Amino acid sequence: MPAVPTGYTSGGQMNKPSCFDRVKLGFTMGFTVGMVTGIVFGGFTALRHGLRGRELLSTVGKSVISAGGTFGTFMAIGSAIRC
């Protein structure tokens with residue numbers, strides 16, 4: 001027997017996520033993808049410039065937050081437009 005899809009209630013009615021929930025999910029997914037991108041590109045850039053130790057972590061951390069916030073914001077806006 002197949003599993004019951006999420007969102008179904010016992011009455012058979014489908015509960016759709018609200019627009020705010022979709023925007024939150026879009027921001028979370030975008031922030032996660034932006035963080036990974038920030039780690040990869042920020043790490044390579046910092047290593048190429050010869051940073052080590054605390055300077056490396058500080059630079060990569062700033063890159064992660066910046067890339068995550070930017071991409072998360074754009075994904076949230078895209079999710080809001082689709083609502």
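Visitor: How many disulfides does the count come to?
Guide: The count comes to 1 disulfide. Keep in mind that this is a predicted model.

Visitor: Which cysteines does it join?
Guide: The disulfide joins C19 to C83, with an S to S distance of 2.3 Å. That falls within the 2.5 Å cut-off for a pair of cysteine sulfur atoms.

Visitor: What about solvent? How does C19 count by accessibility?
Guide: C19 has 38% relative accessibility, so C19 counts as partly exposed. The range for that class lies between 20% and 50%.

Visitor: And C83? What is its class?
Guide: C83 is at 43% relative accessibility, so C83 counts as partly exposed.

Visitor: New topic: the helices. At what angle do α1 and α2 pack?
Guide: The angle is about 150°. The axes of α1 and α2 are 5 Å apart.

Visitor: Roughly parallel or roughly antiparallel?
Guide: The angle makes α1 roughly antiparallel to α2. The cut-off for that label is over 145 degrees.

Visitor: Which hand does the crossing have?
Guide: The crossing of α1 and α2 is right-handed.

Visitor: What residue classes make up the contact of α1 with α2?
Guide: By class, the contact has 18 nonpolar, 13 polar and 2 charged residues.

Visitor: Let's pick some residues. Buried or exposed, what is G26?
Guide: G26 lies in helix α1. Its relative accessible area is 3%, so G26 is buried. The buried class is under 20%.

Visitor: How far apart are G26 and G78 in space?
Guide: G26 and G78 are 7.8 Å apart, C-alpha to C-alpha.

Visitor: Now V40. Where is it?
Guide: V40 lies in helix α1. With 38% relative accessibility, V40 counts as partly exposed.

Visitor: How far is V40 from V60?
Guide: The C-alpha atoms of V40 and V60 are separated by 8.8 Å. Along the chain the two are 20 residues apart.

Visitor: Which helix holds A67?
Guide: A67 is in helix α2. A67 has a relative accessible area of 23%, so A67 is partly exposed.

Visitor: What are the distances for A67 and I39?
Guide: A67 and I39 are 9.0 Å apart in space, C-alpha to C-alpha. In sequence they are 28 residues apart.

Visitor: Last topic, annotation. Which residues does UniProt list for "transmembrane region"?
Guide: UniProt lists residues 25-47, in an unreviewed entry.

Visitor: What is the span made of in this model, helix or strand?
Guide: Residues 25-47 are 100% helix and 0% strand. The end C-alpha atoms of the span lie 33 Å apart.

Notes:
Residues numbered from 1 in each chain as written. Predicted model: local features only at pLDDT ≥ 70, side-chain atom pairs only at ≥ 80, totals over all residues. Heavy atoms only, no water. UniProt positions renumbered as here; feature names shortened; annotations may be inferred. Helix = DSSP H or I, 4+ residues; strand = E, 2+ residues; numbered from the N terminus. Buried < 20%, exposed > 50% of the residue type's maximum accessible area, 1.4 Å probe, protein only. Axes fitted to C-alpha atoms, helices over the stretch in contact; angles between N-to-C directions. Parallel < 35°, antiparallel > 145°, perpendicular 65-115°, else oblique. Left-handed = near helix turned anticlockwise from the far one by under 90°. Nonpolar A, V, L, I, M, F, W, Y, C, P; charged D, E, K, R; others polar.
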